[in-house]
Amino acid sequence: DPVLTARALTKVYGRGTGAVTALDAVDVDIPRARFTAVMGPSGSGKSTLMHCLAGLDSVTSGTIMLDGDEVSAMSQRRLTRLRRERIGFIFQSFNLVPTLTAAENITLPLDIARQKVDRQRFDQVVEAVGLSDRLSHRPAELSGGQVQRVACARALVGKPAVVFADEPTGNLDSQSTQQVLAILRTSVDELDQSVVMVTHEPDAAAWADTVLFLRDGHVVAELADPSRDHVL
Ligand code: ADP
Ligand code: ADP
């Protein structure tokens with residue numbers, strides 16, 4: 001069964017003549033332990049879809065279910081808890097705390113939520129992102145690619161139900177881009193992580209198992225196994 005589903009998901013910004021329908025009755029299934037990419041032109045609703053699915057943004061109508069819980073019906077308080085405990089985020093700009101070491105940045109969300117750090121998971125994740133020898137470094141002492149790998153580890157360490165990555169390679173050179181995509185791929189294949197990545201780069205989307213294409217607030221196509229078919 002899918003980890004996350006949206007049914008008739010509609011998001012309208014503003015009201016009256018200025019209203020913008022960013023998502024128009026969208027149905028989406030995010031499969032468990034798979035890598036899903038979301039593509040589409042600028043303004044097609046990619047960010048809005050991600051923000052709604054992740055509980056960052058309220059929906060106008062429709063239903064979002066995460067592992068049996070209705071995200072679209074949650075109070076602000078429950079949404080905050082959901083984002084803290086069940087969702088991981090990786091952004092284009094890395095959002096690390098400059099005064100903390102890589103290790104401290106990785107465990108920061110757990111520390112804030114007063115959750116215990118699972119040592120085995122921490123080691124697993126640090127190994128997966130290839131940062132074992134950089135844990136005591138601060139962000140300024142790391143390359144852009146290494147900083148984004150810290151952000152990946154931070155998103156993964158709490159074993160979230162879903163990791164959302166919003167243009168995670170948008171600020172990276174091609175080598176670091178490959179490393180970050182390989183990390184996301186590994187997290188799916190070896191840690192059974194469910195990953196949703198918004199990107200406009202076909203080369204990045206080719207790493208996914210499924211690609212959803214948005215246009216004008218609709219899902220207009222769904223492509224399975226993009227790398228096998230070499231269509232991107
Ligand atoms: P994408 O991520 O594909 O570029 P968005 O989800 O950001 O698309 O935007 C979809 C549509 O919703 C666009 O027309 C955009 O201008 C509009 N939109 C997005 N956020 C807001 C907002 N906070 N207020 C008003 N309109 C918005
Ligand atoms: P992205 O780089 O993800 O496409 P955008 O430039 O679409 O980001 O949007 C950046 C921020 O501005 C987001 O928080 C989005 O919700 C908001 N936004 C986008 N379009 C509009 C709009 N037409 N009116 C108001 N806010 C908007």
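Let me start with helices α5 (144-156) and α6 (174-191), which in this predicted model pack with their axes 9 Å apart at an angle of about 15 degrees, where axes are lines fitted to C-alpha atoms, for helices over the stretch in contact, and angles run from 0 to 180 degrees between N-to-C directions. The two helices are therefore roughly parallel to each other, a label that covers angles under 35 degrees. The crossing of α5 past α6 is right-handed, meaning that the near helix is turned clockwise from the far one by less than a right angle. Helices here are DSSP runs of H or I with at least four residues, and strands are runs of E with at least two, numbered from the N terminus.

A word on conventions: residues are numbered from 1 along each chain as its sequence is written. Because this is a predicted model, local features need pLDDT of at least 70 and side-chain atom pairs count only at pLDDT 80 or more, while totals for chains, interfaces and linings use all residues.

Turning to the sheet, four strands form an open, antiparallel arrangement in the order β2-β1-β4-β5, with β2 (20-30) and β5 at the edges, each pairing on one side only; two strands pair if DSSP finds at least two bridges between them. Seven bridges connect β1 to β2, and Thr5 stands opposite Asp29 in β2. On β1's pairing with β4 (residues 61-66), there are five bridges, and Leu4 has Leu66 as its partner in β4. Two bridges then link β4 to β5 (residues 69-70), Met65 being partnered by Glu70, and these two strands make a hairpin with two residues between them, in whose turn Asp67 has a positive phi of about 50 degrees.

Which elements each supply at least two residues of the lining of the largest pocket? They are α2 (76-86), β6 (87-90), α3 (102-112) and α5, with α2 giving the most, five residues. The pocket holds about 450 Å³ of space, and of its 21 lining residues the closest to the centre are Arg83, Arg84, Ile87, Phe89 and Pro109. On a 1 Å grid over the protein atoms alone, a pocket is an open set of points with protein on both sides within 12 Å along at least five of seven lines, and lining residues have an atom within 4 Å of a point; the volume is the space filled by probe spheres set on the points, the probe being 1.4 Å. By class, the lining has 11 nonpolar, five polar and five charged residues, with Asp, Glu, Lys and Arg counted as charged, and Gly among the polar ones.

How values were computed. Chains are lettered from A and ligands numbered from 1 in the order in which they are written. Side-chain values use heavy atoms; hydrogens and water are left out. Angles under 35 degrees count as roughly parallel, over 145 as roughly antiparallel, 65 to 115 as roughly perpendicular and the rest as oblique.
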